Amino acid sequence: MFRLNCSRFYNYEEMKTWLEGMAKEHPDKMRLETLTETPEGRAVHVVTLADFSLGDEAEKRSAYFVKAGVHAQETAGTTAAMAVIERVLEKTPEVLKDIVFYVIPRVNPDGTELAISKSFRMIRSKLGFIDGLANALIPQDINGDGKILQMRRKNPAGNMKEHPECPGLMVPRKPCDKDCDFYDVWCEGVIENYDGGEPVPGFEHVDFNR
């Protein structure tokens, strides 16, 4: 049985495997199809839950539409959508005689994969990169730890400081702060087209909900 693990977030391959397993276990009540394919080659899955023993009448019932994962960091929404699928199929399958469910567990698999696999939090839905920009900071895993976090540089005029009781934790400086180092903080990455100026984001946020 493909029991849902709600203690963590599923990456794309784990989600896909779970959906395929549930479809095989419940062929008379669940259909798994591909709505479209993303620019990075991932399927946007759509699940139909219905009592298909009703034949052509199955999808003529009243319907609920559930979509999740529009924004890259909304991983809990995907878990909730998968929980709906599991609960309907295994706890309340009788409702499918009267109701059809259409569920898209993850509208934005490309952006969510970046957020999950690289712990990248500076993302709304997807990143659009800006060509030819001077001093463009491009997010990248520089130290090879599998994550895209943050990097810092000392600057007397910087707006961040290190927490006095938690080394490595950066917090905003206050107007009264003195006798400590200040920093600029950017996302981890490489600077393209460097001309000696200050780094600027080499990307813009694409928002699927705007």
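**Figure 1. Strands E1 and E2 form a hairpin with 5 residues between them.** The model is predicted; local features need pLDDT of at least 70 and side-chain atom pairs count only at pLDDT 80 or more, while totals for chains, interfaces and linings use all residues. Residues are numbered from 1 along each chain as its sequence is written, and side-chain values use heavy atoms, with hydrogens and water left out. Helices (H or I, at least four residues) and strands (E, at least two) are DSSP runs, numbered from the N terminus. In the turn of the hairpin, Gly41 has a positive phi of about 90°. Strands E1 and E2 run antiparallel and are joined by 7 bridges; two strands pair if DSSP finds at least two bridges between them. Thr36 has Val44 of E2 as its bridge partner. Strands of a sheet pair through backbone hydrogen bonds, either parallel or antiparallel.

**Figure 2. Strand E2 is covered on both faces.** Buried means under 20% relative accessible area, exposed means over 50%, and partly exposed is in between (1.4 Å probe, protein chains only). In E2, 7 of the 7 residues are buried, so the strand is largely enclosed by the rest of the structure. Ala43, His45, Val47 and Leu49 lie on one side, and Val44, Val46 and Thr48 on the other. In a regular strand the side chains alternate between the two faces of the sheet. E2 also runs antiparallel to E4, with 3 bridges joining them. Val47 has Val103 of E4 as its bridge partner.

**Figure 3. Tyr64 and Phe101 form a stacked aromatic pair.** A search of the whole structure finds 1 aromatic pair. The ring centres of Tyr64 and Phe101 are 5.4 Å apart, with 25° between the planes. Rings of Phe, Tyr and Trp (its six-membered ring) pair if their centres lie within 6.5 Å; planes under 30 degrees apart count as stacked, over 60 as edge-to-face and the rest as tilted. Tyr64 lies in strand E3 and Phe101 in strand E4, so the pair ties together parts that are 37 residues apart in sequence. Phe101 counts as buried, at 11% relative accessibility.

**Figure 4. Helix H2 packs its buried residues against several elements.** The 16 residues of H2 should span 22 Å at 1.5 Å a residue, and the end C-alpha atoms are 23 Å apart, which agrees. The expected span of a helix is 1.5 Å times one less than its number of residues. Among the buried residues of H2 are Thr75, Ala81, Met82, Ile85 and Leu89. The buried residues pack against H1, E1, E2, E3, E4 and H3. Thr79 of H2 counts as buried at 12% relative accessibility. Leaving aside neighbours within four places in sequence, Thr79 is in contact (heavy atoms within 4.5 Å) with Leu4, Cys6, Arg8 and Phe9.

**Figure 5. Helix H3 is followed by Ser119, whose phi is positive, near 55°.** In H3 (residues 109-117), the buried residues include Pro109, Asp110 and Gly111. What covers the buried residues of H3 includes H1, E2, H2 and E5. Ser119 lies in the loop between H3 and E5 and counts as partly exposed at 21% relative accessibility. Ser119 and Lys147 are 28 residues apart in sequence and 5.5 Å apart in space, C-alpha to C-alpha. Leaving aside neighbours within four places in sequence, Ser119 is in contact with Leu114, Lys147, Ile148 and Leu149.

**Figure 6. The side chains of Asp184 and Asn155 are joined by a polar contact of 2.8 Å.** A polar contact is a pair of N or O atoms within 3.5 Å; within protein, one must be able to donate a hydrogen and the other to accept it, and residues adjacent in sequence count only if both atoms are side-chain atoms. Asp184 lies in strand E10 (residues 182-187) and counts as buried at 13% relative accessibility. Not counting residues up to four places away in sequence, Asp184 touches several residues, including Met151, Arg152, Gly158 and Glu198.

**Figure 7. Strands E11, E6 and E12 form an open sheet, in that order.** The pairing in this sheet is mixed. E11 (189-192) and E12 (200-201) are the edge strands, each pairing on one side only. E6 (residues 136-139) and E12 run parallel, joined by 2 bridges. Ala136 has Val200 of E12 as its bridge partner.
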